[in-house]
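These notebook entries record what I looked up on charged and aromatic side chains. I begin with a single pair and then turn to the wider search.

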Amino acid sequence: MAERYCMHNQSMNDFIDENFEDIRAPFTAGFELTAKCNLNCVHCYAKPDRNHQDFTLDEFKSIFDTLVERGLLDCYFTGGEIFTRPDFEKMYVHAKKKGVLVSLLSNITLLNQHHIELFKEYPVEVISTSMYGYSEASYEKVTGVKGSFRKFMNALELLQKNDIKYELKFVAMEQNIDDLYKVREFGNKLGVPMVVILDVHPMSDGSMEPVSFRLTPEAAFDFDVRDEGRKQFWKDVAKELLTGEIELRPQRTIQRFREGYLYPCSIANQHVFITSDLKMQGCVRASYRKFDLRKGSFDEGWTYLQKEFVEKKSTLNYKCNSCENIRFCEHCVANFMLAYGDEEQVDPFFCRVAELRRNFVEDEIKRLAKGE
Amino acid sequence: MKQNPDLILREIYGKNILMPIRYNEASNDPIYFNEVAALIWKLSDEAKDPTDLLNAVCRSYNLKTGSAEAAAVEGFINQLLESKLILAE
């Protein structure tokens, strides 16, 4: 009987998709608490020399409360490094008390027992942290800071010992590719979810320097077919394609893409990103069009972003519209804009990876059809 | 009676979601409530005891005491109490 009154264990994203499909509201959001960071990672998309003053605690509370009034349910805090802010705890507890789910993106090298006690009292959805290398040498080759690996490992132990929910990310680059499978195995042994990122993005100011550390498309695809989990994923795609149409993206995204919208995702539609200098963006990547919340209201900014992103249609020249590999692609218009200053200038990295995936899936379909 | 203070009811575009704040024994994940469940939650803070709460819900929906619907509501109130989502002071 109780099932008729309430429902447990439904993920927040599914709940939003099922119940608010046609409502434009900031149900999810990202907050960049600070631009400051204690590491100096080679691939970081956040421009390191932003010398602005981070928003104050009162400014944070004000915009956070506005988003809560408009429907905010799920958010993440990122940086810079979130734990460099002395008032991190106040912001975190404020968000929790408003009834919003909070995930944290952090390098965790500043995490301590005090934070652990905080997360025991106010549980965090997940702490998402990157393990840049399996050894001190490879980790610090990426972070550029001596002693950071030891701090990272100590913090990891704290999270593990205290049963705080976390996930390990691995940003695969030339500097650390040899460690990819070791980190993967390490994560598996710990029993934590692993996220492997294969495409390094341009900096938020458009600088392409981080992209130079990116794997070749062939090396990125190699992970797709060597990693058991990923390989199985693509094999399942082949199996499902044999039995009927499947889509790898949410239905609304597919629909918007077919209707010619340049930004078919949730950008500025059900998601918003607030920078540490109190600017409002459609998402973390779309730093090229922002609204200054110190000069106008959230509603003014929300209207501005609708015109700039939600309603924007692609031209007939946009290559992705007619691409047969689109189903296998993780392209992002915001990355194209950052890299080339043109939303429709496609990054060939994504095209090649998608092509390789398609070939793999087609071969798999042929194999299945033969009954092998 | 009172609501478990470690959770907060969010009403968003006609939907009701009980969101966790502090670690607690009842639930550390969101719980999606329908309209009746949300009303029970809201009324629980003013009710003296479970019977008072049941009567208040029945009044809101014009349910007869002893009806099948009232029995279902009573069952759900008991579940909320057992799971410590609402607390008998």
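Which kind of contact do the side chains of A:Asp222 and A:Arg226 make? I work here from a predicted model. I find that the two side chains meet in a salt bridge, at 3.1 Å from N to O. A:Asp222 and A:Arg226 are 4 residues apart in helix 8 (residues 217-226) of chain A, so about one helical turn separates them.

Entry on salt bridges elsewhere. My search of the whole structure gives 27 salt bridges over all chains. One of these is formed by A:Asp54 and A:Lys36, whose closest N and O atoms are 3.2 Å apart. Both A:Asp54 and A:Lys36 lie in the loop between strand 2 (28-32) and helix 2 (57-70) of chain A, so the pair ties together parts 18 residues apart in sequence. I record A:Asp54 as buried, because its relative accessibility of 11% is under 20%.

Entry on a contact between chains. I looked up A:Glu121 and B:Arg22, whose side chains form a salt bridge of 3.0 Å, N to O. A:Glu121 belongs to helix 4 (residues 113-121) of chain A and B:Arg22 to the loop between strand 3 (15-20) and strand 4 (31-33) of chain B, so this pair joins two chains. A:Glu121 is partly exposed at 37% relative accessibility, and B:Arg22 is partly exposed with a relative accessible area of 28%.

Entry on aromatic rings. I find 32 aromatic pairs over all chains. For A:Phe83 and A:Phe119, the ring centres are 6.5 Å apart and the planes stand at 45°, so I class the pair as tilted. This pair links distant parts of the chain, 36 residues apart: A:Phe83 is in the loop between strand 3 (74-78) and helix 3 (88-97) of chain A, and A:Phe119 is in helix 4 of chain A. A:Phe83 is buried at 9% relative accessibility, and A:Phe119 is buried at 3%. I list one aromatic cluster made up of A:Phe15, A:Phe20, A:Phe27, B:Tyr13 and B:Tyr32.

Entry on charges over rings. I find the charged end of A:Arg24 over the ring of A:Trp302, 4.0 Å from the ring centre. The charged end of A:Lys313 sits over the ring of A:Tyr261, 4.6 Å from the centre of that ring.

Conventions: Residues are numbered from 1 along each chain as its sequence is written. Chains are lettered from A and ligands numbered from 1 in the order in which they are written. This is a predicted model: local features need pLDDT of at least 70, side-chain atom pairs count only at pLDDT 80 or more; totals for chains, interfaces and linings use all residues. Side-chain values use heavy atoms; hydrogens and water are left out. A salt bridge is a side-chain nitrogen of Lys or Arg within 4 Å of a carboxyl oxygen of Asp or Glu. Buried means under 20% relative accessible area, exposed over 50%, partly exposed in between (1.4 Å probe, protein chains only). Rings of Phe, Tyr and Trp (its six-membered ring) pair if their centres lie within 6.5 Å; planes under 30 degrees apart count as stacked, over 60 as edge-to-face and the rest as tilted. A charge sits over a ring if NZ of Lys or CZ of Arg is within 6 Å of the ring centre and within 35 degrees of the ring normal.
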